[in-house]
Amino acid sequence: MSIEEIMEKSDRNGVTLVVGADSDIGAKLIETISTDVIAHYYLSKEKAEATASNRDNLWSVYGDLSSVPGITEFIQGVVAIDRHISRIVHLPSSPAKPNRITKFDPNRYLREINIQVVSAAMILQAFLPAMVKDNFGRIAMVLTSYCIGVPPKYLSEYVSAKYALMGLMKSLAVEYAGKGITINAVAPSMTETNFLSTLPEFEIESTAKAHPMGRIATPEDIVGILGMLLKQDIEYMTGTIIPITGGTAFF
Amino acid sequence: MNRAEILDRVQNIFRDIFDDNDILITDETNATDIEDWESLEQINILVAIQKEFSIKFSIDDVEGLENVGQTIDLIEAKLS
């Protein structure tokens, strides 16, 4: 069966939970999902609901994922919608901010770990059991190409949080293998999103100029692969990290 | 704004970024003269200069800058 045939084949029902739906990638992803969606937002309800005006199958739930009580409240909000969740896309993160380890801030770091890692663990803890009963689940996480090979300097907080998320993804992929549940990740390189607002334009230009394709990634580049990981037929691939780098980093 | 005034304001940026009030810069000062002046600091310096002088650099502007003098030249050109 070709990829095209797999993509076209009708998919299993169930709600897709997009955590971090108010990010540029999350919002773009929701546009491509026609089935039921629960969209987590933190900064922008409008962005998470951008496509909600012309659809009646999208629910948005606020969640401050920077603390355990905030994550718990978010999960309760999702549970209250009372729908079976069959797919989860997890992409919340703060922008990567370059810093030397001498400027390490433990509170900022713990906040980031909560947003990226603890939230993923608690959300999966809440919703994986029902997926196991249904013998079907698709989980996709967003890492970074910095998880491939040698990471850049001065991003120890961001990179180590992503490595923790990668460890969680791989561990759970093993734990849930053979139960109809796949857990995979994408590893994009620098992408045109609002995350880049913390970087000077000349730095972004420099990265684009040095790239073999002459540009950085777009949300569309990422969303297509995330969508593939959610397909029912992609059942024999789990614990995998897919680089989306245009050739600048791969295994 | 004359060159000496620009140099003075850039010097304050250097002192702030390197957390060293004794730093004295000249046109010839480069990355080998200041310990810790690596890529991160170079970016921080250029971002601080953009903010201080309300100017914007492109990659073509900042590629190949070798010392403080060339940076001051660039600021002067942007302000003119």
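A network of salt bridges links A:Arg100, A:Lys153, B:Glu38 and B:Glu41, a salt bridge being a side-chain nitrogen of Lys or Arg within 4 Å of a carboxyl oxygen of Asp or Glu. The model is predicted, with pLDDT of at least 70 needed for local features and 80 or more for side-chain atom pairs, while totals for chains, interfaces and linings use all residues; side-chain values use heavy atoms, without hydrogens and water. Residues are numbered from 1 along each chain as its sequence is written, and chains are lettered from A and ligands numbered from 1 in the order in which they are written.

Over all chains, 16 salt bridges are found in the whole structure. One of these is formed by the side chains of B:Glu63 and A:Lys209, at 3.2 Å from N to O. B:Glu63 belongs to the loop between α3 (59–62) and α4 (68–79) of chain B and A:Lys209 to helix α7 (residues 201–210) of chain A, so the pair joins two chains. Helices (H or I, at least four residues) and strands (E, at least two) are DSSP runs, numbered from the N terminus. B:Glu63 is partly exposed at 44% relative accessible area, and A:Lys209 is partly exposed at 48%; buried denotes under 20% relative accessible area, exposed over 50%, and partly exposed the range in between (1.4 Å probe, protein chains only).

Within chain A, a salt bridge joins the side chains of A:Lys28 and A:Glu220 (3.4 Å, N to O). A:Lys28 is in helix α2 and A:Glu220 in helix α8 (residues 219–229) of chain A, so this pair ties together parts 192 residues apart in sequence. The relative accessible area is 24% for A:Lys28, which is partly exposed, and 46% for A:Glu220, also partly exposed. In a further salt bridge, the closest N and O atoms of A:Arg83 and A:Asp36 are 2.5 Å apart. This pair links distant parts of the chain, 47 residues apart: A:Arg83 is in the loop between α4 (68–80) and β4 (85–90) of chain A, and A:Asp36 in the loop between α2 and β2 (37–41) of chain A. A:Arg83 is partly exposed at 38% relative accessibility, whereas A:Asp36 is buried at 19%.

Strand β6 (residues 181–188) of chain A has eight of its eight residues buried, so the strand is largely enclosed by the rest of the structure. On one side of β6(A) the buried residues are A:Ile181, A:Ile183, A:Ala185 and A:Ala187, and on the other A:Thr182, A:Asn184, A:Val186 and A:Pro188. Six bridges pair β6(A) in the parallel sense with strand β5 (residues 137–142) of chain A, where pairing requires at least two DSSP bridges between two strands. In this pairing, A:Thr182 of β6(A) stands opposite A:Arg138. Strand β7 (residues 241–244) of chain A also runs parallel to β6(A), joined by four bridges, with A:Ile241 in β7(A) opposite A:Ala185.

A:Asp22, in the loop between β1 (15–19) and α2 (24–32) of chain A, is buried at 12% relative accessible area. A polar atom of the A:Asp22 side chain lies 2.7 Å from the backbone nitrogen of A:Leu43, and the backbone nitrogen of A:Ser44 is 3.0 Å from a polar atom of that side chain.

A:Ser119, in helix α5 (residues 106–134) of chain A, is buried at 0% relative accessibility.

Definitions and conventions: A polar contact is a pair of N or O atoms within 3.5 Å; within protein, one must be able to donate a hydrogen and the other to accept it, and residues adjacent in sequence count only if both atoms are side-chain atoms.
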